Amino acid sequence: MTRTSRLSYFSLYLLWILFFVITPVALIVYQSFFNLNHQFTLQNYRDYLSSSVYLRMTLNSFIFAFLITLLTLLISYPAAYYLTRLKHRQLWILLIILPTWINLLLKAYAFIGIFSQAGSVNHFLTFIGIGPQQILFTNMSFVLVAAYIQIPFMILPIYNSLVDIDPAIINASHDLGANNVQTLWRVIIPMSANGVRSGVQSVFIPSLSLFMITRLIGGNRVITLGTAIEEHFLTTMNWGMGSTIGVVLIIIMFITMMLTASRRKGGVKR
Amino acid sequence: MQSPETILELQHIYKSFDDFVALDNINIKLDQGKFYSFLGPSGSGKTTVLRIVAGLILADRGKVLFDGQDISKLPAEKRKVNTVFQNYALFPHLNVFDNVAFGLRLKRMPQDELQERVMQALKTIQLNGYEDRMISELSGGQQQRVAIARAIVNEPRLLLLDESLSALDQKLRQQMQYELRSLQQRLGITFLFVTHDQEEALAMSDEIIVMNEGRIQQSGTPVDIYDEPINHFVANFIGESNIVPGTMIRDYEVEFVGKRFECADAGMRDHEPVEVVLRPEDITVTTPNQGKLVVSVDSQLFRGDHFEITSHDEDGNEWLIHATNSIEDRDKVGLSFSPNALHVMRFGEKEADFDRRLSEYEGDES
């Protein structure tokens, strides 16, 4: 009785998973084995693995995703740590979540305005005597904007793991002779590792397949797996090859998740 | 006999949190190698004292002297004091060994010496063989022991214990009381124990410091404090007692509930208004003729090792009695007590004056 009722609650979600997760993934895998003439073939994978263009693209995506994640982490960890010590924490958290409610495209267009030749950043650079620079369509602006968009998804899990730390444990660390830096390295960072892990997961994996920001902010100079998939599906119409890259991306995502998964078995609870 | 060395001295310590005065002029000296308990209800300031000694918070005014040196402004990590925290505050990401080794690693102690010291500490608290366990795999009592080992492995000269037994169940708590006491005597470290549990303080301490409303009410040995409380608060907080208003007629004679009784106190003004303390276990039940007071019984509760009897006399004063047997005839019962059982308290007497008066008239007797 309870089992069946529990199953019926779950069935809607199961249907959702079936139609919108399992079926699309199966379709992509299936499609990746067909060439332009709808013949079954392994040629797409052979092409992918033998082409320096695709391999460089993969490496590129990796490097960009890594840089974006690193920058996001470097900004988010201190910010999250500082947040836990503020008075009106709920308000500050709301202010951090707020930008995520705004459409991604709108934010990207806003940055185009800010970074363009006649934009506010170049106005400022002219004002202090450096003169206008090419900012838009550079690797740096791409990484910066991607990091800006991802920061809330990094701050929140880290913040949550930091507020979970009992202040008495910090006191105990000081009491045993650790100064602030030692307490940070030996207690606070290890104890917030789970938050960092889930933050890295939720930033690194989406960063691998960015394509909108890549186009709008990075111009066509930055080519990643995300932009390659878009190209194959919408421009060259080579769905087989696009699906192959998609499969590669999915495999990379699984590997990333396995690498960043909590190491301790049985999940030690606090 | 050599006078023991002072390890810690607090001079005129004041501390406020916003409008709340947590500590109001605390002065105390702790001797090396003794077991001290700060005892008081919640909000009395006892934990604030501990945190100021540990360096986790700083006093607004006053001095903390450790071994004669002013450490008032020294941060916690530089003080040679270790703490056993209320909920143990063990590091959940480290196993038992690494928890205990935490302080020694910070001192960059060589590996083999560190290994030996940690093992020794675990042996002291009877947890050898548990090195590789995670904290979450331990019971409350075991966590308590690890917290103690983590503190004593650093060989502090003063160990602070913050309500350290209050999270344990009754049986385990009593066992830990014995263990703490014997550990303290074995190590010869000064213990400063903070508790709201008067039985715990009475059982373990060399000296008890009773606190209320940010002030030290009285300090002394458990027997002194129990037998000769300085005021209404201490008499009420330590053990159970009957406290009645009275008048000191002259030395060694006090009047209450309209009768005059012989007592053991002196050194007050004649006809001074006072309060009289009579402990329930010092009252003996007898026949109405032989009793100094005659009461009728309201209720009797069996408490295992004694009966707790509430009663009232003709004037409506309530009397609490602890007796080994229950009372059969409940209407008229005589209560008897020796002059020594009566303890007379003056209103608003300072601790120094109280001690001086006590030593004066006790000197008379001998």
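Predicted model: local features only at pLDDT ≥ 70, side-chain atom pairs only at ≥ 80, totals over all residues.
Student: Where does B:Glu281 sit in chain B?

Tutor: B:Glu281 is found in the loop that runs between strand 14 (272-278) and strand 15 (284-286) of chain B.

Student: And how does B:Glu281 count in terms of accessibility?

Tutor: B:Glu281 counts as partly exposed, because its relative accessibility is 36%, and partly exposed covers the range between the under 20% of buried residues and the over 50% of exposed ones.

Student: OK, new topic: how many salt bridges does the structure hold?

Tutor: Over all chains, the structure holds 20 salt bridges. One of them joins B:Asp24 and B:Arg215, whose closest N and O atoms are 2.9 Å apart. B:Asp24 belongs to strand 2 (residues 20-31) and B:Arg215 to strand 10 (residues 215-220) of chain B, so this pair ties together parts that are 191 residues apart in sequence.

Student: Why can side chains pair up like that?

Tutor: Side chains of opposite charge can pair when their charged atoms come close.

Student: Are B:Arg173 and B:Asp197 buried or exposed?

Tutor: Both B:Arg173 and B:Asp197 are buried, and their side chains meet in a salt bridge with an N to O distance of 3.1 Å. B:Arg173 lies in helix 5 (residues 170-187) of chain B, while B:Asp197 lies in the loop between strand 8 (190-195) and helix 6 (198-204), so the pair ties together parts that are 24 residues apart in sequence.

Student: Which helix holds B:Asp353 and B:Arg356?

Tutor: They both lie in helix 9 (residues 351-365) of chain B, three residues apart, which is about one turn of the helix. B:Asp353 forms a salt bridge with B:Arg356, with 3.4 Å between the closest N and O atoms. B:Asp353 is partly exposed at 34% relative accessibility, and B:Arg356 is partly exposed with a relative accessible area of 47%.

Student: Which residues are linked in a network of salt bridges?

Tutor: B:Arg269, B:Glu272, B:Arg346, B:Glu349 and B:Arg357 are linked in such a network.

Student: Switching to chain A, how many helices and strands does it have?

Tutor: Chain A has 13 helices and zero strands, and buried residues make up 38% of its 270 residues. Its C-alpha trace spans about 75 × 70 × 35 Å along the principal axes.

Methods:
Residues numbered from 1 in each chain as written. Chains lettered and ligands numbered in written order. Heavy atoms only, no water. Helix = DSSP H or I, 4+ residues; strand = E, 2+ residues; numbered from the N terminus. Buried < 20%, exposed > 50% of the residue type's maximum accessible area, 1.4 Å probe, protein only. Salt bridge = Lys/Arg side-chain N within 4 Å of Asp/Glu carboxyl O.
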